[in-house]
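Subject: Handover of a structure

Dear colleague,

Please find below the structure that I am passing on to you. A summary of the findings comes after it.

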Amino acid sequence: MPLAAAAAVAACPSPVGLSRPSCRAYACPRRRRGFRLEASSSSASAPAPTAADEGAGAGPCPVVRFDMDDFAIADRVSVGLHGRSGEMIFEATVRDPSSELYGSTVVLRQLKSSQAKRRGRRALEVLKKLARRQMMYDSYALQVHGYIAPGNAAEQEDVPFVLVHGYHGSYSLHHWLQLSDWLPTLEATLALDEEQARRVGDDSVGGPAVTRQLRLIRILMRDLLIGVNYLHSHGLAHTELRLENVHVSPIDKHVKVGILGNASDFHDSDPSSSTVASNNERRKMMIAFDMRCVGFIMAKMVLRELLDSSTFFKFKSFLTKGNDPSCLREFLLPILCQNSPSGNIGLQMLDRQWGAGWNLLALLLATKPEKRISCLDALRHPFLCGPKWRINPSTSIIRWGLGSTAVRMTEDYIYGRHQRRRLAYFVELMEVLNPNLRTESWLQLLPGRWRLLYCTGRHIGLTLRQPSPRILISDVFLTVSSESVDPVFCVTSDIGFRIMPESNWPHDKSGTEGVLSATTSARITAGRVYIHEQEGKENRVASSRSSRRYLRGKWRKGSKMELPASLASVNIAMDEVDISMSCKSTLNVNSAEKVLQEIRTQTPPEMFDLSKIVCGTYIDARLMVLRGVNGSALLFIRSNPTTDS
């Protein structure tokens with residue numbers, strides 16, 4: 001609980017001086033765990049259910065009405081979660097010898113406003129609904145022991161409603177992550193021994209910083225998903241999942257999902273609209289909302305930079321603007337590396353296992369609710385399963401891993417021939433596993449801004465040559481826009497460059513900046529890329545050999561079918577190209593020609609003359625592969641504009 005010592009309450013016999021209620025809980029002398037409720041004839045507005053409410057076979061109800069004299073109030077008080085003015089939190093100790101909770105520490109949550117009281121009573125209703133599986137509830141949610149309410153209806157408006165629930169330390173997970181020594185402290189709290197390590201299939205204890213943090217995050221995420229799935233399987237959605245509502249218990253080593261005061265039923269309470277279709281739609285929407293909240297929790301745990309409110313605002317704005325979350329890495333890369341030149345641990349964790357962390361984050365934060373992953377599927381995701389768990393990845397995971405590995409390789413400045421061959425092989429394998437074979441998919445995914453990553457036919461950038469002038473190529477973008485329903489696009493290639501000083505260019509990379517632009521219009525139609533033109537038995541044998549060539553090793557699981565004689569693609573027909581160059585300094589004709597020639601030498605010819613792009617062979621939400629007239633492949637990644645600082 002976030003019970004910070006915000007204020008000292010000296011000699012505080014009662015949080016608000018509540019009057020003695022007319023009903024009290026006594027320990028039941030029978031062996032089974034429970035309480036016997038003795039109530040007077042005066043009625044209370046707060047729920048006080050008994051075992052008879054659910055029938056003979058239901059067992060005792062865990063909700064108990066306490067007396068304020070049963071507790072010894074500590075001298076610490078804190079405003080409720082998220083700065084809610086309608087809640088006050090007190091730490092107390094049960095001093096009633098007849099109670100099963102005698103000597104244990106509890107939390108008294110004082111609810112003053114009408115909305116806060118509603119949340120408290122809703123938490124009791126949810127507890128009654130989940131009482132049949134009390135052990136699961138206690139393991140993955142804050143345990144609610146009972147309540148303290150006014151004794152008569154006249155005092156209901158003036159006297160607060162007090163909820164009595166379990167105490168799991170003075171910090172929420174948000175407070176834990178803000179500590180300077182959060183990692184060893186959480187490891188000690190969870191007592192990460194060999195048994196705990198086996199829960200995530202990882203037997204490594206300690207080790208490098210990335211492996212160490214990844215193991216801890218796997219345990220926290222798996223516990224959180226199990227708790228959320230427990231609620232979903234009982235027809236409830238938490239609707240208020242955030243780091244401030246997640247707690248780590250040092251007693252049973254489980255993650256608690258917080259008070260269920262805002263939990264909502266999947267089924268509509270309105271009988272007139274209670275149809276199967278409406279209930280299913282409501283259930284899907286509420287589960288999707290919870291999974292989006294889990295995605296935010298995961299993002300903050302892995303990328304601790306998001307704990308800063310301004311950085312998280314940029315992160316959330318990127319998603320609310322409709323950008324695809326699969327492009328989060330391209331968006332967050334400059335933000336994460338801004339203050340971490342030697343490497344970001346969170347970035348390394350998400351990049352492991354061929355970018356599996358980015359894939360899970362994209363599935364949790366998918367723009368369309370129906371595309372978001374469920375709790376059970378998330379628990380089987382490779383990112384949350386250790387190396388000792390044998391996970392059979394789906395084709396989509398294999399495809400994602402291919403693209404992520406290719407992007408990681410292009411981020412290194414590639415000189416070796418074996419590296420270029422491997423990257424070219426990855427691009428060819430991506431083309432075989434193209435998820436969008438129809439032209440309609442290209443019409444939908446093609447518009448946008450794409451950044452050139454790699455070209456198999458040309459080494460981009462400076463080499464051992466010493467040309468004059470010295471030109472440094474920055475980013476190369478391909479912008480595709482469409483203003484009509486027809487498959488006609490406006491294609492613009494922007495090549496950023498910098499003219500460096502002649503004398504000290506190896507050490508001084510400053511200089512005059514400029515942009516070379518090539519604009520044209522393009523029309524795309526369905527097409528095929530033929531690999532084998534001959535037919536017959538020889539062609540089938542060649543196709544089988546090509547399949548083994550492409551789908552060998554760990555990528556063999558990506559496809560069970562043989563390589564076809566042709567691959568689906570789109571033909572791109574370009575019109576006349578309009579080329580222009582702008583520079584911040586004045587250049588004469590001779591200097592401009594030299595600059596233009598050097599730009600053409602360092603960049604692929606397809607980006608300078610767009611008419612040399614003949615077809616597209618791969619596209620998804622984040623990557624695209626275009627083929628030139630000479631057979632070279634150009635790999636692009638979708639580049640979304642960053643949020644203004």
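The paragraphs below go from the whole chain to one helix and then to the cavities.

Please note that this is a predicted model. The chain has 645 residues, and buried residues make up 50% of them. Its secondary structure comprises 17 helices and 22 strands. Among the contacts with a separation of 6 or more, 70% are between residues 24 or more positions apart. The chain exposes about 30700 Å², of which carbon and sulfur atoms supply 51%.

Helix α9 covers residues 328-336, and its buried residues are Leu 328, Arg 329, Glu 330, Phe 331, Leu 332 and Leu 336. These buried residues pack against three helices, namely α8 (309-320), α10 (345-364) and α12 (395-410). They also pack against the strands β14 (448-455) and β22 (633-638).

The structure also holds four cavities of 30 Å³ or more. The largest cavity contains about 160 Å³ of space. Its lining consists of 17 residues, and those closest to its centre are Ser 326, Arg 329, Trp 358, Ser 404 and Arg 622. Helices α9, α10 and α12 each supply at least two residues of the lining. By class, the lining has nine nonpolar, three polar and five charged residues.

With kind regards

Terms used: Residues are numbered from 1 along each chain as its sequence is written. This is a predicted model: local features need pLDDT of at least 70, side-chain atom pairs count only at pLDDT 80 or more; totals for chains, interfaces and linings use all residues. Side-chain values use heavy atoms; hydrogens and water are left out. Buried means under 20% relative accessible area, exposed over 50%, partly exposed in between (1.4 Å probe, protein chains only). Helices (H or I, at least four residues) and strands (E, at least two) are DSSP runs, numbered from the N terminus. Contact means heavy atoms within 4.5 Å. Accessible areas come from the Shrake-Rupley method with a 1.4 Å probe; for residues, only the protein chains shown count as cover. On a 1 Å grid over the protein atoms alone, a cavity is a set of points where a 1.4 Å probe fits but cannot get out, and a pocket is an open set with protein on both sides within 12 Å along at least five of seven lines; lining residues have an atom within 4 Å of a point. Grid points are joined across faces, edges and corners, and a volume is the space filled by probe spheres set on the points. Ala, Val, Leu, Ile, Met, Phe, Trp, Tyr, Cys and Pro count as nonpolar, Asp, Glu, Lys and Arg as charged, and the others, Gly among them, as polar.
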